[in-house]
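I am opening a notebook on this structure. The entries below follow the order in which I looked things up.

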Amino acid sequence: MLQKRLYIKTYGCQANVYDSGRMADILKPLGYELTETPEHADLVILNTCHIREKAEEKVYSDLGRIRPYKDDKMILAVAGCMGQAEGAEIMRRAPYVDIVLGPQTYHRLPEMIARAHRSQDKEKGPGRGVLDVEFPVESKFDHLPENHTHVGPSAFLAIQEGCDKFCTFCVVPYTRGAEYSRPARAIMEEATRLCERGAKEITLVGQNVNAYHGESPAGQEWGLGKLMEYLASLKGLERLRYMTSHPRDMDEELMEAHRDVPQVMPFLHLPVQSGSDRILEAMNRKHTAKHYLDCIEKLRTYRPDIALSSDFIVGFPGETEEDFKKTLSLVQEVGYSQSYSFKYSPRPGTPGALMDDQVPDDIKAERLGRLQDLLNTQHLSFHEKSVGKTVPVLLDRQGKQDGQILGKTPHFQSVYVETTPELFGTCVDVIIEKASANSLTGTIVS
Ligand code: 5AD
Ligand code: SF4
């Protein structure tokens, strides 16, 4: 078979990282091998994100950069949430794009490529106009091969897709569609294959992963807690994580899994977005600050060493200085080991974008600065507590410098170590020597 070169660039969340892997899997039998640069690729896929305006502008500028390499042979595809939300707009602004597809139709990629080739023969226009942004009745999960050609020590596994929460700032319910949970047996089969191919850690991913309510092998409905208990029986699986979660879906069984299932790591990314009940209500988050703090307290009784992370939005419409101060005091109360914080970005088609009293950009920037100063101090002091300790580190990424490998502690801290390539993919004991706000440095002791 003729060898063809495939370049995929992934933007945004872990669900996209997972989806990019599966697209590579489905294209492999057609002769596509992954390559590192777009220059001489036969197929270029940009797997995009629509969450904030910045992510979107980046895609248009990357498209402009790829354009000079685009010849008659190259097929250029825009996949992901931006494809879903703005298919026609992409074809208008970048008419040399051949295929636009949404996240639900990756299993139809081979067919779309064939269509693009056929229309090329006929018209030789700048782009070949293949648009597929349906929400098909069949699930993409049932139609994608699970050959996982690129499995590292730490792998992502999508167990859930979509979101029914409709937070008023968020495009996800529109781009990823309604919530869908995969059956536990299919997840177990995929997890087994990942472990057979060298994965030691699996992160279960989904837009609203703890809303998981899939079918158990005996035909009942299972939540995420039960699913993780089931997966923990898998030989070779040392670590389990999940993201991203919603505070409303932190049920008792899931919290107990943090106490009872040793493979579930002592780390949780649980976005709160704001500490003000008034803003949480306007965001349609369907919970109060107290509910969030109660969850954290319970998790800490079950797993005292649990490290916490969150997403924050500042400058949501109507946010006053007083509301913002409530976010700062919630942060003080919880104490985060890491976090992501953003200025509110009004997204077309979401209720937030139409709300009165949008906050001016300079106020958003000023609040973001204050919030990030506080968060960075917390991150640093969390990491500093590791200095002098010996911690198990799963070496899962190559560093930029020779001899440098990166790994993760159970608390999801990145650790740099100097070592030899044979240790890649193993879990080693590391004594931590240095801490910064984002990472640790240490030496292997065993
Ligand atoms: N503006 C800013 N941040 C947003 N997020 C989602 N939508 C927006 C938006 N319109 C953030 C939220 C979410 C994370 C993935 O991105 O904090 O948890
Ligand atoms: Fe977006 Fe809210 Fe759903 Fe998260 S829970 S994906 S923020 S709508």
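**Entry 1. The second largest cavity.** I began with the second largest cavity, which holds about 30 Å³ of space. The model I am reading is a predicted one. Around this cavity I listed Leu240, Arg241, Tyr242, Met265, Phe267, Leu268 and His269. Two strands, β13 (239-243) and β14 (267-269), each put at least two residues into that lining. Sorted by class, the lining of the second largest cavity has 5 nonpolar residues, 1 polar and 1 charged.

Entry 2. Met243 and Thr244 are joined by a cis peptide bond, with omega at about 5°. I placed Thr244 in the loop that runs between β13 and α8 (252-260).

**Entry 3. The largest cavity.** I then asked how many cavities of 30 Å³ or more a search of the whole structure would find. It finds 2. The largest cavity has about 40 Å³ of space. I read its lining as Ala15, Tyr18, Asp19, Lys140, Phe141, Ala158, Gln160, Glu161, Arg176 and Gln207. The elements that give two or more residues to this lining are α1 (14-27) and β8 (160-161). Of the elements, α1 gives the most to the lining of the largest cavity, at 3 residues. By class I noted 4 nonpolar, 2 polar and 4 charged residues in the lining of the largest cavity.

**Entry 4. Domains.** I looked up the domain assignment next. For the protein chain it gives domain 1 (4-132), domain 2 (140-384) and domain 3 (390-444). Taken over C-alpha atoms, the centres of domain 1 and domain 3 are separated by 34 Å. Going back to the largest cavity with these bounds, I found that domain 1 and domain 2 each give at least three residues to its lining.

**Entry 5. The second largest pocket.** From cavities I went on to an open space. About 290 Å³ lies in the second largest pocket. The residues that line this pocket are Arg52, Glu53, Lys54, Ser341, Phe342, Lys343, Tyr344, Ser345, Pro346, Asp361, Lys364 and Leu368. I traced at least two of the lining residues to each of α2 (53-66), β16 (338-343) and α12 (361-384). The lining of the second largest pocket divides into 6 charged, 4 nonpolar and 2 polar residues.

**Entry 6. Ligand 1.** I turned to the ligands. The residues I found around ligand 1 are Ile51, Arg52, Phe169, Gln273, Asp311, Ile313, Phe342, Lys343, Tyr344, Ser345 and Arg347. Two strands, β15 (307-314) and β16, each supply at least two residues of this shell. The classes in the shell around ligand 1 are 5 nonpolar, 2 polar and 4 charged.

I then went through polar contacts of ligand 1. Which side chain has an N or O atom 2.6 Å from an oxygen atom of ligand 1? That side chain belongs to Gln273. Arg52 has a polar side-chain atom 2.8 Å from an oxygen atom of ligand 1. At Ser345 the contact is through the backbone, where a polar atom lies 2.8 Å from a nitrogen atom of ligand 1. On its own ligand 1 exposes 400 Å², of which the protein buries 87%.

**Entry 7. Ligand 2.** Around ligand 2 I wrote down Cys163, Lys165, Phe166, Cys167, Phe169, Cys170, Val172, Pro173, His246 and Arg285. I counted its shell by class as 7 nonpolar, 1 polar and 2 charged residues. Phe169 is among the residues around ligand 1 and is also listed around ligand 2.

**Entry 8. A backbone angle.** Last, I looked up Lys286. This residue is not a glycine, yet it has a positive phi of about 65°. I located Lys286 in the loop between α9 (277-282) and α10 (289-302).

Definitions and conventions: Residues numbered from 1 in each chain as written. Chains lettered and ligands numbered in written order. Predicted model: local features only at pLDDT ≥ 70, side-chain atom pairs only at ≥ 80, totals over all residues. Heavy atoms only, no water. 1 Å grid on protein atoms, 1.4 Å probe; cavity = no way out; pocket = protein on both sides within 12 Å on 5 of 7 lines; lining within 4 Å. Points joined across faces, edges and corners; volume = space filled by probe spheres on them. Helix = DSSP H or I, 4+ residues; strand = E, 2+ residues; numbered from the N terminus. Nonpolar A, V, L, I, M, F, W, Y, C, P; charged D, E, K, R; others polar. Near = heavy atom within 4 Å. Polar contact = N/O pair within 3.5 Å; in protein donor to acceptor, adjacent residues only side chain to side chain. Areas by Shrake-Rupley, 256 points an atom, 1.4 Å probe, with all protein chains shown as cover. Domains from an automatic or database assignment.
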